[in-house]
Amino acid sequence: MKIPPVKGTRDFYPPDMAVRNGIIDGWKRASIRNGFEEYDGPIFEHLQMYQIKSGDEIVEQLFSLEDRGGRALAIRPEITPTLARMVNQRINSLSRPIKWFSVPRLCRAERPQKGRLREFFQWNIDIIGVDDVLADAEVIFTTVDYLREAGLTAGDIRVKMSSRRLLAAVLRSIGIAEAELDSLYVLLDKKGRLPAETFKELLAERVSDVGTASRIEAFMEASSVSGVRQAIGAAWNDEVAEAINELSQVERLLKEEMGVGEYCQFDPCIVRGLAYYTGVVFEVHDIVGELRAICGGGRYDNLLGDFGGGAIPATGMGMGDCVLEILLAEKGLLDRQISGGGLDYFIVFVPGLKFDGPGDVASTSRGQAVRLTARLRGLGRSADFSYKAAGVGKQLKQASERNARECIIIGDELRRGKLVVKDMSTGEQRLVGMEEFLSQLKP
RNA sequence: GUGAAAGUAGCUCAGUCGGACAGAGCACUGGAUUGUGGUUCCAGGGGUCGCGGGUUCGAAUCCCGUCUUUCACCCCA
């Protein structure tokens with residue numbers, strides 16, 4: 001019986017694994033050099049944990065299960081609730097700021113499509129306990145720092161940012177009731193994905209007053225932070241001014257202090273679907289705009305409180321591997337994510353060759369090859385040999401396929417204690433004494 | 001969960017007005033007088049034509065169902 005792979009999952013054959021590891025290693029390097037520490041949690045949690053901040057719709061997109069004690073559990077669809085739980089549990093003993101990162105494997109029971117699968121990896125970075133917008137800027141900088149290292153330039157991607165606080169202030173100032181804000185966010189978040197006409201119609205359905213609706217549209221079309229004042233006109237007030245000021249600071253930090261201004265751009269259409277964002281929000285998109293967002297994040301000052309903790313400010317980012325990989329592939333950048341691989345040494349023996357030197361037990365060329373391989377491995381080098389007693393030419397071919405940097409040939413020279421060491425990229429060979437060769441290698 | 005398109009070898013595909021043992025390239029395995037690789041040449045293995053049912057003398061080909069993939073919608077933590 002042939003059993004197919006599960007819908008929306010991937011098999012990682014060695015070449016795929018090399019790509020996956022390359023991407024994840026890049027995420028980890030960027031995290032560490034930006035001062036984040038790694039954490040992780042269990043792959044399943046109480047189902048209830050995902051119901052706190054999410055509606056039924058989202059709970060339906062969970063892989064849930066019941067344990068033998070009848071507990072309702074779910075495979076994690078995100079790691080932020082786990083993070084909130086872990087931080088809350090030890091909030092009194094953790095030194096601030098808490099700068100943590102994780103690369104969890106997540107599952108969501110959504111219908112798979114381009115850039116979205118049912119099982120994936122997601123890089124998460126969070127800074128907890130810092131109110132200052134410097135933390136928001138640092139989250140964005142770390143994100144760009146990674147993307148830049150991966151080979152993406154300001155010509156490939158754009159960080160689009162806005163602020164929930166600004167949006168809320170603007171909407172309130174033009175007369176939107178507090179209770180309507182959340183549902184309006186969901187609509188505004190779709191602006192970029194809907195045809196202009198459709199968006200206009202949907203907005204009119206929700207906001208009956210024509211003047212109010214057109215003011216919202218004017219705001220959504222502002223192309224710079226400073227342009228917001230003009231766009232909203234008389235709706236300007238202190239609350240709006242403060243939010244504007246905050247966002248300007250983030251822009252200035254990214255541009256002047258952190259030097260990544262060319263990647264960043266204000267975009268009032270960035271809202272984020274989730275209700276829990278409270279301040280700066282951002283997404284990274286490909287410039288062409290063909291793919292869904294590469295990553296998204298923002299400030300969520302109330303979330304830890306919602307999970308039973310105190311009022312602790314927090315800001316963070318999540319980046320999945322699926323869209324990123326598509327973009328890197330399109331830009332021809334996948335190969336450069338892969339580091340190393342290949343063998344340090346491939347040991348070639350001469351079939352049928354026997355040694356009976358004094359002081360050494362009688363052995364074959366093949367036996368000596370196994371012995372040398374074991375010693376090299378003991379010294380921390382990657383080394384391998386052929387299982388087949390094929391000719392030297394065949395073995396060298398195998399060595400090429402294995403991407404070996406050097407080949408060592410165990411031949412007649414060994415009678416004089418010598419090895420042939422061949423550089424596989426240049427083809428050059430040298431004759432070296434075996435003990436001399438080994439003593440040069442440090443463990 | 002809704003709608004549309006596709007499914008032939010590991011991969012990319014050809015083959016279909018229904019007709020003989022189902023094809024190519026790449027990849028893989030083996031070989032080209034047993035001590036020198038990446039090239040080339042030769043040979044070989046590998047497919048219940050996604051699966052199930054129906055129409056027919058006969059189905060990879062036509063019809064229905066189903067699964068999977070892709071795309072769009074819902075949603076996007």
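The model is predicted, so local features need pLDDT of at least 70 and side-chain atom pairs count only at pLDDT 80 or more, while totals for chains, interfaces and linings use all residues. Residues are numbered from 1 along each chain as its sequence is written, chains are lettered from A and ligands numbered from 1 in the order in which they are written, and side-chain values use heavy atoms, with hydrogens and water left out.

By class, the surface near RNA strand B holds 18 charged, nine polar and nine nonpolar residues. Here Ala, Val, Leu, Ile, Met, Phe, Trp, Tyr, Cys and Pro count as nonpolar, Asp, Glu, Lys and Arg as charged, and the others, Gly among them, as polar.

R272 places a polar side-chain atom 3.3 Å from a phosphate oxygen of RNA strand B. For K394, the distance from a polar side-chain atom to a phosphate oxygen is 3.1 Å. In R292, a side-chain N or O atom is 3.0 Å from a base oxygen. Elements that give two or more residues to this surface are α2 (56-60), α14 (392-401) and β18 (418-423). The largest share, six residues, comes from α14. Helices (H or I, at least four residues) and strands (E, at least two) are DSSP runs, numbered from the N terminus.

S386 lies in the loop between β16 (383-385) and α14. Its relative accessible area is 1%, so S386 is buried. Buried means under 20% relative accessible area, exposed over 50%, and partly exposed in between (1.4 Å probe, protein chains only). The side chains of S386 and Q398 form a polar contact of 3.0 Å. Such a contact is a pair of N or O atoms within 3.5 Å; within protein, one must be able to donate a hydrogen and the other to accept it, and residues adjacent in sequence count only if both atoms are side-chain atoms. A polar side-chain atom of S386 also lies 3.1 Å from the backbone nitrogen of K388.

T142 belongs to helix α4 (residues 133-149). T142 is buried, because its relative accessibility is 0%. Its side chain makes a polar contact of 3.3 Å with that of N34. Not counting residues up to four places away in sequence, T142 touches A30, N34, F36, W123 and I125. Contact means heavy atoms within 4.5 Å.

Helices α6 (residues 181-189) and α7 (residues 196-206) pack at about 170°, with axes 10 Å apart. The two helices are therefore roughly antiparallel. Axes are lines fitted to C-alpha atoms, for helices over the stretch in contact, and angles run from 0 to 180 degrees between N-to-C directions. S183, L184, L187 and L188 of α6 meet F199, L202, L203 and R206 of α7.

Two backbone features remain. Most residues other than glycine have a negative phi, and most peptide bonds are trans. The bond from R96 to P97 is cis, with omega near -5°. N403, not a glycine, has a positive phi of about 65°. N403 is exposed, with a relative accessible area of 55%.

How values were computed:
Angles under 35 degrees count as roughly parallel, over 145 as roughly antiparallel, 65 to 115 as roughly perpendicular and the rest as oblique.
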